[in-house]
Amino acid sequence: MATLQVLFACILALLICSAAAAESYNKKNQVPAVFVFGDSLVDTGNNNYVHTIAKGNFPPYGRDFAGGKATGRFSNAKGVADYIAQVLGVKQLLPPYLDPSLDLQELLTGVCFASAGSGYDPRTPQKMNAIPMTTQLNMFKEYIKRINASVGPERTQEIISQSAYIIFMGSNDLTNTYPTVDYQYTEESYTDLMISLALDFHKKLYEAGARRIGLVELPPTGCAPAIRSSQGGPRRECSESLNRRIRLFNSKLSLMVDQMNQELPGTKAVKFELYNHFLSLAENPAPYGIEEVKRGCCGTGNIESGVLCVVPGTCAAADKYLFFDSFHPTELAAQILTYQTLSPPNLSKLF
């Protein structure tokens with residue numbers, strides 16, 4: 001036990017040093033703002049303002065946030081998007097664009113456009129009435145007009161061209177939509193469709209002024225508690241069929257990033273590896289003090305997510321869990337994975 005405590009202390013110190021190194025690095029390579037597009041893994045509250053059941057603005061979500069406030073993040077506190085903004089040295093919290101209370105300074109340093117339940121395939125957001133990627137892009141264009149009216153075209157152009165754009169999208173397509181259309185597509189052809197839609201989105205983002213574009217590969221969603229419960233058998237193993245589709249998409253994402261860098265002048269597109277970091281954390285959680293990887297913190301931990309998390313009972317210590325609900329990581333897991341994924345050597349490719 002003492003040895004494990006010492007090991008955990010060393011790992012924690014390493015994580016803190018890694019965070020400090022990343023923030024120090026980004027003070028030298030400062031971006032004026034950060035913009036995040038995607039789904040529930042990075043939604044910081046946009047769905048609070050959308051008529052959808054895919055919300056996280058009620059307890060137990062946010063139970064460890066300042067004041068115990070449920071903000072719309074699918075976490076016990078901060079989420080991945082917040083740590084993206086933090087590791088880029090911009091700010092501690094990344095607000096949702098649809099929050100009507102945002103002041104000019106918050107707008108100027110970046111916002112989140114992500115929506116829980118969204119995907120590249122337009123059929124995906126329809127299932128939850130989430131904000132489609134086309135609409136997220138239109139929200140960004142609206143954002144440009146708003147800041148242009150406030151600070152003028154020269155400052156606006158500087159912000160848009162020099163900021164970081166992080167996209168985290170595709171899990172819902174492969175988890176929720178593909179099983180309903182697999183009579184129409186093979187895994188190969190469906191991931192080709194996703195890449196085609198993703199490339200179109202990123203070209204339009206480029207046309208709107210984005211240049212530093214980071215695409216985060218998908219995590220092994222087949223190891224999420226809900227998928228283990230529905231597809232993992234008596235031992236609740238990871239779903240290899242889902243993880244196989246995700247690996248296929250991730251491999252094609254690398255080729256798409258190469259294509260973007262070749263075809264879009266001035267672009268610095270980067271694919272950030274997440275899959276192996278997430279899998280490694282799930283397979284070897286003890287050094288980080290995490291004890292439970294097969295169940296979430298809320299409810300039974302087997303299937304609860306979103307509105308189902310209102311079921312009485314949550315774990316005593318979320319930091320001992322990889323997942324807060326049956327799909328989304330705890331704040332600690334989000335912090336660990338973001339700093340591993342956006343390490344200084346990886347981020348340097350954006351500059």
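Which residues lie nearest the centre of the largest pocket? The legends below take up this question first, for a model that is predicted.

**View 1. The largest pocket and its lining.** In this predicted model, the largest pocket is lined by 39 residues, and those that lie nearest its centre are S40, N172, S305, F327 and H328. The space in this pocket comes to about 760 Å³. Sorted by class, the lining of the largest pocket has 24 nonpolar, 13 polar and 2 charged residues.

**View 2. The second largest pocket.** The second largest pocket has a volume of about 320 Å³, and of the 18 residues that line this pocket, K69, R73, P95, P96 and D99 are the closest to its centre. The lining of the second largest pocket divides by class into 8 nonpolar, 5 polar and 5 charged residues.

**View 3. The cavity of the structure.** The structure holds 1 cavity of 30 Å³ or more, and about 100 Å³ of space lies in the largest cavity. Of the 14 residues that line the largest cavity, the closest to its centre are S40, L41, F74, G79 and V80. In terms of class, 7 nonpolar, 5 polar and 2 charged residues make up the lining of the largest cavity. S40 is also among the residues that lie nearest the centre of the largest pocket.

View 4. Leaving aside residues up to four places away in sequence, F168 touches F37, G38, D39, L41, V42, V80, V216, P219 and L274. One of these contacts, L41, is 127 residues from F168 along the chain, yet the C-alpha atoms of F168 and L41 are separated by 7.6 Å.

**View 5. The aromatic pair of Y61 and F324.** The structure holds 21 aromatic pairs, and in the pair shown here the ring centres of Y61 and F324 are 5.8 Å apart with their planes at 55°, so the pair is tilted. The pair links distant parts of the chain, with Y61 in the loop between β1 (34-38) and α2 (80-87) and F324 in the loop between β6 (321-323) and α11 (331-341), 263 residues apart. Y61 counts as buried because its relative accessibility is 1%, and F324 counts as buried because its relative accessibility is 0%.

View 6. The rings of Y97 and F113 form a tilted aromatic pair, at 5.2 Å centre to centre and with 45° between the planes. Y97 lies in the loop between α2 and α3 (104-108), whereas F113 lies in the loop between α3 and α4 (123-128), so the pair ties together parts that are 16 residues apart in sequence. Y97 and F113 are buried. Y97 and F113 belong to one aromatic cluster that is formed together with F35, F37, F140, Y143, Y165 and F201; of these, F37 is among the residues that F168 touches.

**View 7. An arginine over a tyrosine ring.** R211 lies over the face of Y206, at 3.8 Å from the ring centre.

How values were computed: Residues are numbered from 1 along each chain as its sequence is written. This is a predicted model: local features need pLDDT of at least 70, side-chain atom pairs count only at pLDDT 80 or more; totals for chains, interfaces and linings use all residues. Side-chain values use heavy atoms; hydrogens and water are left out. Rings of Phe, Tyr and Trp (its six-membered ring) pair if their centres lie within 6.5 Å; planes under 30 degrees apart count as stacked, over 60 as edge-to-face and the rest as tilted. Helices (H or I, at least four residues) and strands (E, at least two) are DSSP runs, numbered from the N terminus. Buried means under 20% relative accessible area, exposed over 50%, partly exposed in between (1.4 Å probe, protein chains only). A charge sits over a ring if NZ of Lys or CZ of Arg is within 6 Å of the ring centre and within 35 degrees of the ring normal. On a 1 Å grid over the protein atoms alone, a cavity is a set of points where a 1.4 Å probe fits but cannot get out, and a pocket is an open set with protein on both sides within 12 Å along at least five of seven lines; lining residues have an atom within 4 Å of a point. Grid points are joined across faces, edges and corners, and a volume is the space filled by probe spheres set on the points. Ala, Val, Leu, Ile, Met, Phe, Trp, Tyr, Cys and Pro count as nonpolar, Asp, Glu, Lys and Arg as charged, and the others, Gly among them, as polar. Contact means heavy atoms within 4.5 Å.
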